[in-house]
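Please look over the sequence and the model, and then read the points below, which are grouped by topic.

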Amino acid sequence: MSRDTRRHAVMVLASASLMIAFSLSSCVPRAGTDVGNGFTSKLNMQGYQRPAVSALSVQLGSGVSVDGFWVTSANYQFQSGSDCATATGPVAFAGPVVADLIGAGFLGGPREIHTSGAPTCALEWSLSTLDATSLPSGAPAELAGSSVLLRGRRSDGVAFVVRSTSTSAIRIDADGGGTFALGSAAPIVGIDLEQVVNSLQLDSLSDNPIIIDDTHNADHLRDFESAIRDSSTLFGDNDNDGLLNPTEATSSNELGHGGP
Ligand SMILES: [Ca+2]
């Protein structure tokens, strides 16, 4: 595979990644419904890849196949203004909600949220967990008690499963220390699948199957959790369909980025 082709594949699958896609203006009309001093719109989370979303499995440039990627999240808060050193704003969407990241996103569909419409300098959201009795229809039973469940196969066919119980907050700051506008193009948050899977260093593990959780290969789990945080990226939903389309998951369309 040429470097360019590989790079493209990497970028694409980063998509198939865990893309927390939340659409602020996916409801009609385009720029959200102006209610009082803010916007009412929809929030979603999904996995995506370029050129097309696979609902069954995603193969990364590394040859790793991702067969399932589920994230439970909560407490979405947008911080308005340019001073992000202060406390975050009100909760726009409390959750918890389960997202199928290589499927259609939030189980049960996008969630309505309300935001001020003011320029925003950061978004915070948190990993969260649900017990077995609270899991929504469509969520795998293995997700109970975990915030992240990733299942896949290494290029040699060895199966792996990753479970995180982290409930850490993840913060996405506007690029360049500035602000991004909510309402003009719905923001979509994504986590780069290639980056997240690479963080697992699957080739360094000799188990079969490979289990990565709090009691198995925990050091790999910590790197995985950091990669979820660091790769969280905010994009604009330019065509306002509530989904992160291939042409939207680009660096030029990036509004903000997560990090330590
Ligand atoms: Ca879109």
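A nonpolar core is a set of buried Ala, Val, Leu, Ile, Met, Phe, Trp, Tyr and Cys residues joined through C-beta atoms within 7 Å, and a residue is called buried if 20 or more other C-beta atoms lie within 10 Å of its own, exposed if 12 or fewer do, and partly exposed in between, with C-beta atoms placed from the backbone. The model is a predicted one, in which local features need pLDDT of at least 70 and side-chain atom pairs count only at pLDDT 80 or more, while totals for chains, interfaces and linings use all residues. Residues are numbered from 1 along each chain as its sequence is written.

**Overall make-up**

- The protein chain has three helices and 16 strands, where helices (H or I, at least four residues) and strands (E, at least two) are DSSP runs numbered from the N terminus.
- Buried residues make up 52% of the 260 residues in the protein chain.
- Two residues are in contact if their C-beta atoms, placed from the backbone, lie within 7 Å; among contacts between residues at least 6 apart in sequence, 74% join residues at least 24 apart.

- Phenylalanine 224, leaving out residues up to four places away in sequence, touches Val162, Ser164, Val196, Ser199, Leu200 and Ile212.
- Phe224 is also one of the buried residues of H3, a group that includes His220, Leu221 and Ile228.
- The 14 residues of helix H3 (residues 218–231) should span 20 Å at 1.5 Å a residue, and this agrees with its end C-alpha atoms, which are 20 Å apart; the expected span is 1.5 Å times one less than the number of residues.

**Strand pairing around S16**

- Strand S12 (residues 169–174) and strand S16 (residues 254–258) run antiparallel and are joined by three bridges, two strands being paired if DSSP finds at least two bridges between them.
- Strand S15 (residues 233–237) also pairs with S16 in the antiparallel sense, over three bridges.
- Glycine 256 in S16 is the bridge partner of alanine 174, and leucine 234 stands opposite glycine 256 as well.

**Tryptophan 125 and asparagine 75**

- Tryptophan 125, in strand S9 (residues 120–127), is buried because 27 other C-beta atoms lie within 10 Å.
- Leaving aside neighbours within four places in sequence, tryptophan 125 is in contact with Ser73, Asn75, Tyr76 and Ile170; the C-alpha atoms of tryptophan 125 and isoleucine 170 are separated by 5.4 Å, although these residues are 45 apart along the chain.
- Asparagine 75 lies in strand S4 (residues 65–80) and counts as partly exposed because it has 18 C-beta neighbours inside 10 Å.

**Backbone details**

- Most residues other than glycine have a negative phi, and most peptide bonds are trans.
- Phi of asparagine 75 is positive, near 55 degrees, and asparagine 217 has a positive phi of about 50 degrees.
- Asparagine 217 is found in the loop between S14 and H3, and is buried, with 22 other C-beta atoms within 10 Å.
- A cis peptide bond, with omega about 0 degrees, joins glycine 95 and proline 96, and proline 96 is in the loop between strand S5 (91–93) and strand S6 (97–100).
- The peptide bond from asparagine 208 to proline 209 is cis, with omega near 0 degrees, and proline 209 is in the loop between helix H2 (193–198) and strand S14 (210–212).
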